[in-house]
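Visitor: Please show me how to read a fold from a model, one feature at a time.

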Amino acid sequence: MATKKFMYVNRRAPYGTIYAWEALEVVLIGAAFEQDVSMAFVDDGVFQLMKGQDTAGIDMKNFSPTYSALGDYEVTKIYVEKESLEERGLTLDDLQHLVWEDEDEDWAEKDSIRLVSRAELAEVFAGQDVMFNF
Amino acid sequence: MPIEVDGKVLETDEEGYLANINDWVPGVAEVMSKEDDLELTDEHWDIINFLREYYEEYQIAPAVRVLTKAVGKKLGKDKGNSKYLYGLFPYGPGKQACRYAGLPKPTGCV
């Protein structure tokens with residue numbers, strides 16, 4: 001079976017709806033099928049990757065640590081839209097530092113997050129075979 | 001079916017996984033393994049403890065492929081292969097070991 005390029009687009013804030021967690025579960029399950037998987041975080045979706053999340057007050061599981069497992073699942077291309085961050089007064093430093101380990105290079109840690117402009121992200125989207133919107 | 005551990009009755013789901021991860025004590029693994037006629041060795045505990053640490057850090061139970069790779073990195077290449085892990089946990093290292101560790105069924109377990 002030929003490998004297809006799968007893109008999971010996350011546009012919503014992490015809590016309040018189930019979309020963010022469901023998307024993450026779908027990505028982790030889908031990763032077992034050894035496709036070429038990317039994720040994108042745009043609009044309020046960028047809040048999903050924020051550091052220091054605390055859900056104690058809303059009685060929901062804080063699943064933000066799970067994003068750090070994406071590298072283990074060989075999901076190594078995580079696009080974050082620059083304009084979405086800026087519009088919300090955020091920078092990359094407000095987000096978790098996500099890495100993956102390259103087994104072929106003695107487990108060297110490499111950054112997973114790629115900061116891209118809206119225009120660059122549109123090009124990335126154009127190159128995908130399958131898009132999932134959450 | 002609920003299980004009894006150290007005199008306490010603990011709820012499980014229909015597949016035998018603990019209903020509440022916070023109920024876990026080492027006795028859970030002992031009781032569950034006895035039901036499977038499996039004797040837990042230090043090698044089993046290495047994997048069970050590894051899974052609990054993984055869950056603590058990432059809030060998910062790893063898929064078996066991910067577990068295999070991570071075990072190989074942490075405990076050595078000779079243990080990071082499915083032959084070794086299935087030798088320890090014949091019902092599947094993901095499912096069986098996660099159950100003993102009190103975790104939910106692995107995410108990405110297909």
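This is a predicted model: local features need pLDDT of at least 70, side-chain atom pairs count only at pLDDT 80 or more; totals for chains, interfaces and linings use all residues.

Guide: Residues are numbered from 1 along each chain as its sequence is written, and chains are lettered from A and ligands numbered from 1 in the order in which they are written.

Visitor: What is the strand order of the open sheet in chain A?

Guide: Helices (H or I, at least four residues) and strands (E, at least two) are DSSP runs, numbered from the N terminus. Two strands pair if DSSP finds at least two bridges between them. In chain A, five strands form an open sheet with parallel pairing, in the order 6-3-2-1-7. Strand 6 and strand 7 (130-133) of chain A are at the edges with a single partner strand each, so one side of each lacks a neighbour in the sheet.

Visitor: Which residues does strand 3 of chain A pair through?

Guide: In a regular strand the side chains alternate between the two faces of the sheet. Strand 3 of chain A pairs in the parallel sense with strand 2 (residues 36-41) over four bridges, and Lys77(A) in strand 3 stands opposite Ser38(A). Four bridges also join strand 3 of chain A to strand 6 (residues 113-116), again parallel; there Val80(A) has Leu115(A) as its bridge partner.

Visitor: Is strand 3 of chain A mostly covered or mostly open?

Guide: A residue is buried if 20 or more other C-beta atoms lie within 10 Å of its own, exposed if 12 or fewer, and partly exposed in between, with C-beta atoms placed from the backbone. Strand 3 (residues 77-81) of chain A is mostly covered, with four of its five residues buried.

Visitor: At what angle do helix 2 and helix 3 of chain B pack?

Guide: Axes are lines fitted to C-alpha atoms, for helices over the stretch in contact, and angles run from 0 to 180 degrees between N-to-C directions. Helix 2 (residues 42-58) and helix 3 (residues 64-75) of chain B pack at about 110°, their axes 11 Å apart. That makes the two helices of chain B roughly perpendicular (65 to 115 degrees).

How values were computed
Angles under 35 degrees count as roughly parallel, over 145 as roughly antiparallel, 65 to 115 as roughly perpendicular and the rest as oblique.
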